[in-house]
Amino acid sequence: MLHLKKANREDIEQEYLFVRDIPVEESSFTNEWHGISREDFDHALDTMLDYAEGKNLPEGYVPETFLFLWNDSTIVGQFRIRHHLCESLRNGAGHIGYFIGREFRGRGYATEGLRLTLDVARGIIPEEEIYLRVDKTNPASLRVMMHNGGYIHHEDDIKYYVRIKK
């Protein structure tokens, strides 16, 4: 059964293995902890937990909740909710980013994971619409957003900017 869990210390071993293997950048999803050692992941997890509470944020960052999508006892994806928009997010990445492990793609995990994430986000995000962004080279992710009530608000040469009503 698919379910979301916030980043936490109890699941640190599985969270570590999943985060370590997310590429540095793929389809605009970035991971500053790619290839991280287990020892250094302790600090990375502290950072995730702090960011969710709005603590120790770098200049220009907003609070961000890190969620893992589990299929029973296996992590299959990571979702991130930025709690509100700043100017760079309003014209950029938006509220939600997500990554599904390559071996789990094409099974509906992203669609269901985004649906579950939207349920959480609606209780956090103050804006009337939830902002997302997707590369034009990633039509599967655009379909995920559209299946969850998204519409293309605008586009540029390389991205679609999608909105989902709260």
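I start with α5, where the buried residues are S141, L142, V144 and M145. Buried means under 20% relative accessible area, exposed over 50%, and partly exposed in between, with a 1.4 Å probe and protein chains only. Because these four cover an arc of only 155° around the axis, they sit on the same side of α5; the arc is that of the directions from the helix axis to the C-beta atoms.

A word on the source: this is a predicted model, in which local features need pLDDT of at least 70 and side-chain atom pairs count only at pLDDT 80 or more, while totals for chains, interfaces and linings use all residues. Residues are numbered from 1 along each chain as its sequence is written, and side-chain values use heavy atoms, with hydrogens and water left out. Helices (H or I, at least four residues) and strands (E, at least two) are DSSP runs, numbered from the N terminus.

What covers the buried residues of α5? The cover includes β6, α4, β7, β8 (150-155) and β9. Just after α5, G149 has a positive phi of about 90°.

Now the cores. A nonpolar core is a set of buried Ala, Val, Leu, Ile, Met, Phe, Trp, Tyr and Cys residues joined through side-chain atoms within 4.5 Å. The largest one has 25 residues, and I96, Y98, L114, I130 and L132 have the most contacts inside it. Elements that each supply at least two of its residues include β4 (64-71), α4 (109-121), β7 (129-135) and α5 (139-147). The largest share, six residues, comes from α4.

Take I130: leaving aside neighbours within four places in sequence, its contacts (heavy atoms within 4.5 Å) include I96, L118, I125, V162 and I164. Apart from this core lies another, of 19 residues, among them Y16, I36, M48 and F68.

Last, the pockets. On a 1 Å grid over the protein atoms alone, a pocket is an open set of points where a 1.4 Å probe fits, with protein on both sides within 12 Å along at least five of seven lines; lining residues have an atom within 4 Å of a point. Of the 43 residues lining the largest pocket, S27, S28, F29, G97 and Y98 are the closest to its centre.

The second largest pocket is lined by 13 residues, with L17, F18, D21, E103 and F104 nearest its centre. The largest share of that lining, four residues, comes from α1.
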